[in-house]
Each structure stands twice: as C-alpha cells, then as structure tokens.
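Let's take a friendly walk through this structure, one stop at a time. Keep the sequence and the 3D view open as you read.

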Amino acid sequence: MNTALATTTATTPILRRDTPLLHHCSLTAKSPVFRLNGVRFGSCVQTVSKKFLRISASSQSTSAAVNVTADASIPKEMKAWVYSEYGGVDVLKLESDIAVPEVKEDQVLIKVVAAALNPVDAKRRQGKFKATDSPLPTVPGYDVAGVVVKVGAAVKDFKEGDEVYANVSEKALEGPKQFGSLGEYTAVEEKLLALKPKNIDFAQAAGLPLAIETADEGLVRTEFSAGKSILVLNGAGGVGSLVIQLAKHVYGASKVAATASTGKLELVRSLGADLAIDYTKENIEDLPDKYDVVFDAIGMCDKAVKVIKEGGKVVALTGAVTPPGFRFVVTSNGDVLKKLNPYIESGEVKPVVDPKGPFPFSRVADAFSYLETNHATGKVVVYPIP
C-alpha cells in the first residue's frame with residue numbers, strides 16, 4: 001500500500017495506536033487512527049512500519065455446536081476478513097487484531113455465528129460501487145446470524161442473549177457497512193434485525209436476509225398478488241429459490257415456473273415450481289405461455305420481456321435492462337424478516353444452503369471463489385465463525 005495523505009471518519013476502524021508517526025504530526029486521544037498492513041492512518045501524514053499485522057488462517061472451532069453466552073466478556077480485538085484495496089479474491093486477508101466495533105445507541109453488538117456471501121459482496125470488493133462505497137479498509141459481508149451481546153441505550157426490542165439475523169447494511173450500495181459480517185463481531189441497527197426463526201440453525205438463517213428481502217421487495221414492486229403467474233429465471237439461485245417459495249406460499253401465485261440446469265430441476269419443483277424448465281434444453285422465448293411477472297435473477301432481461309403478458313412486469317437483478325423491465329437495489333428492513341418469520345417457522349419457506357458449504361471461517365477466500373463461478377445452489381454460507 002502506498003503512503004499518502006488520508007482522513008478517517010467516525011466509522012473508520014481503530015486497529016492499533018502503536019506505530020510512530022512522522023515528527024510533525026500530533027494526535028490527541030480522540031484522533032481517529034488505525035493501522036493496517038503496517039500503515040498508520042490518521043488525519044495527518046503517515047509513515048510505514050516494518051511490523052505487519054499477524055495473519056491467521058486457523059479457525060478456533062471446528063465443532064458444529066455453537067455456545068455463545070451474552071454475559072461473556074467482549075474483547076477489544078477480533079479476527080476478521082479485511083481488504084484494503086479493490087480487486088480479486090487475493091485482496092482478502094484474515095487479520096487477527098481488528099478492533100471490535102463500537103455500538104451506537106440504536107445498535108446492538110452481535111457475536112457472529114454464521115455469515116453468508118452474496119454477488120453484491122464480490123462486486124463491491126471488485127470496486128464496482130466505489131463511488132458510493134464506505135471508506136477502505138473494509139470488513140465485507142451483508143448477511144449475519146448470531147447472538148446479541150450488547151445493546152445500545154435506545155434499543156427497545158432486543159436484549160442480550162437474543163438469537164438474531166439481519167442484512168447489516170440498510171443500503172446495499174450507498175455507504176454500506178465498513179464493518180460487515182465477516183468478523184467475530186458486528187454492530188447492527190435495531191431496525192434491521194429480527195429474531196432468528198426457531199426451527200432453523202444459524203447457518204441456515206445467515207443465508208436468508210439479503211436474498212429474502214430482495215425476493216420480497218421485487219414481488220412488492222411488481223405488484224404481485226394472489227392469482228397471478230410468475231416465471232423465475234435462475235430458480236435454484238440464492239434469490240430465485242426464495243422467489244419461488246414466496247410467490248407460491250406467501251403471495252398465492254396461480255402458477256410458478258422456474259428455470260434451472262438439468263440437475264436442479266427437482267429442487268425447484270420441491271420449492272413450489274409448477275413448471276421446471278431446463279434452460280440447457282429449452283429457450284424461454286419458445287414457451288407457449290405468457291406470465292404476469294418475470295423475475296430475472298440471471299441477466300436475461302432481453303428475453304424475459306418477450307414472455308410477459310400485456311401489461312406484465314419484469315424485474316431484473318443483473319445484466320442489461322430492456323424496457324419495460326426495471327431494476328432496484330434492495331433496502332434492508334427488519335420488518336420484512338419479521339413478516340416472513342412465520343412462514344419460515346411453519347416450514348412453508350425453507351432456506352437453501354449450497355451443499356459445498358458451509359465453508360469454515362478460515363476458507364472465506366475459497367467461498368468467494370466458489371460464489372464467483374455463478375454455479376452455487378442457494379446460498380454460500382460461512383460457518384462457524386470463531
């Protein structure tokens with residue numbers, strides 16, 4: 001990393017205060033300073049130390065059992081995955097002395113038990129949203145499931161010991177959390193949280209928030225309702241697998257069709273698809289039926305608009321948008337999770353975790369590499385997080 005002038009904000013992680021600065025730079029106790037890869041950052045000129053942060057690739061726990069107590073002492077430092085520059089998977093580093101985030105009055109501190117990866121995580125790391133991103137360095141991760149260990153003064157509905165889950169960033173692209181979920185602790189606003197459904201484990205819960213919020217918001221934006229038909233493109237993916245279930249079991253769709261590869265057709269049927277379409281053998285443009293809504297979770301909007309009824313709607317999550325298709329960026333909302341919790345607890349809506357996982361915390365880079373092949377089934381989950 002090149003030394004340069006840098007300023008920090010209140011959200012900047014304070015990692016260490018032990019590296020000497022240049023003589024003409026003075027800081028008070030309140031000065032925001034942190035150290036990453038031997039560089040000390042502050043609102044002044046920096047100098048490089050030869051001493052680097054330790055990097056550990058070992059997980060403290062390989063057991064499937066998780067025992068987190070809310071009254072356990074909260075450390076000042078934690079293990080977390082960090083990147084200090086944009087790029088490929090190789091920019092991710094597992095650091096062992098990242099400061100545990102401070103908790104604001106409207107936040108809770110979560111001891112992270114499991115996290116999940118999303119395509120937006122990869123695109124953010126690649127720098128595709130750098131104009132509206134939070135400052136570097138970044139602890140990535142949107143999806144979290146864990147235990148509340150500390151609550152802010154203004155928090156009303158959650159207490160220490162609560163098992164919760166959330167999409168930690170209210171806006172996925174506009175100033176997302178600098179401290180995400182791929183660390184031992186993360187601080188999250190109360191309004192983004194919901195209690196973890198009682199019938200699923202932490203790994204399953206971690207795979208839900210961003211994807212199920214995206215699925216639900218897309219259906220709301222298309223004004224989907226009982227009696228309407230829908231075609232889901234990439235029905236076996238993280239979002240698509242949940243769109244099928246919500247459309248069928250929550251919104252009362254008259255017909256749900258979904259595309260998938262040959263080996264995943266039975267999965268989409270089991271989720272509620274009335275028609276499973278093998279995209280390796282069939283072209284959706286040749287389908288005999290038209291649909292009220294097409295939920296394009298793969299990037300085929302140009303074809304999707306050809307299979308909607310007159311006045312139908314197409315929501316596209318990725319790729320170029322062809323009118324009348326449209327795109328949106330999900331807003332994290334704990335109320336959506338609370339609304340859908342009864343359907344999860346009844347078993348009508350089920351989390352789908354990719355069978356190659358969960359990936360242990362030490363293999364987050366491998367989990368990202370797998371995610372970026374675009375062949376994952378459901379969600380890529382990281383568990384356990386020590």
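Glu-223 lies in the loop between helix H3 and strand S10 (229–233). In this predicted model, phi of Glu-223 is near 55 degrees, a positive value in a residue other than glycine. Is Glu-223 buried or exposed? Its relative accessibility is 52%, so Glu-223 counts as exposed, since the cut-off for that word is over 50%.

Asn-374 is found in the loop between helix H8 and strand S15 (380–382). Asn-374 is not a glycine, yet it has a positive phi of about 65 degrees. With a relative accessibility of 66%, Asn-374 counts as exposed.

The structure holds three aromatic pairs. One of them is formed by Phe-224 and Tyr-251, whose rings are 6.4 Å apart, centre to centre, with 65 degrees between the planes, an edge-to-face arrangement. This pair links distant parts of the chain: Phe-224 sits in the loop between H3 and S10, while Tyr-251 is in the loop between H4 and strand S11 (255–260), 27 residues apart. Both Phe-224 and Tyr-251 are buried.

Another aromatic pair is made by Phe-359 and Tyr-370; this one is tilted, with 6.1 Å from centre to centre and 35 degrees between the planes. Phe-359 lies in the loop between H7 and H8 and Tyr-370 in helix H8, so the pair ties together parts that are 11 residues apart in sequence. Phe-359 is buried, with a relative accessible area of 4%. Tyr-370 counts as buried too, at 14% relative accessibility, because the limit for buried is under 20%.

The loop between H7 and helix H8 (364–371) is also the place of Pro-358. There, the peptide bond joining Gly-357 and Pro-358 is cis, with omega about 0 degrees. Elsewhere, the bond from Leu-136 to Pro-137 is cis as well, and its omega is near 0 degrees. To find Pro-137, look in the loop between helix H1 (119–125) and strand S6 (143–151).

Just after H7, Gly-347 takes a positive phi of about 90 degrees.

Which residues of H7 are buried? They are Gly-334, Val-336, Leu-337, Leu-340, Asn-341 and Ile-344. These residues cover an arc of only 145 degrees around the axis, which puts them on the same side of H7.

The side chain of Ser-332 reaches the backbone oxygen of Asn-167 at 2.7 Å. Leaving aside residues up to four places away in sequence, Ser-332 touches Asn-167, Ser-169, Glu-170, Leu-192 and Glu-213.

Finally, let's zoom out to the whole protein chain. Its secondary structure comes to eight helices and 15 strands. The chain has 386 residues, and 55% of them count as buried. Among contacts between residues at least 6 apart in sequence, 67% join residues at least 24 apart. As for the surface, the protein chain exposes about 16700 Å², and carbon and sulfur atoms supply 52% of that area.

Terms used:
Residues are numbered from 1 along each chain as its sequence is written. This is a predicted model: local features need pLDDT of at least 70, side-chain atom pairs count only at pLDDT 80 or more; totals for chains, interfaces and linings use all residues. Side-chain values use heavy atoms; hydrogens and water are left out. Buried means under 20% relative accessible area, exposed over 50%, partly exposed in between (1.4 Å probe, protein chains only). Helices (H or I, at least four residues) and strands (E, at least two) are DSSP runs, numbered from the N terminus. The arc is that of the directions from the helix axis to the C-beta atoms. A polar contact is a pair of N or O atoms within 3.5 Å; within protein, one must be able to donate a hydrogen and the other to accept it, and residues adjacent in sequence count only if both atoms are side-chain atoms. Contact means heavy atoms within 4.5 Å. Accessible areas come from the Shrake-Rupley method with a 1.4 Å probe; for residues, only the protein chains shown count as cover. Rings of Phe, Tyr and Trp (its six-membered ring) pair if their centres lie within 6.5 Å; planes under 30 degrees apart count as stacked, over 60 as edge-to-face and the rest as tilted.
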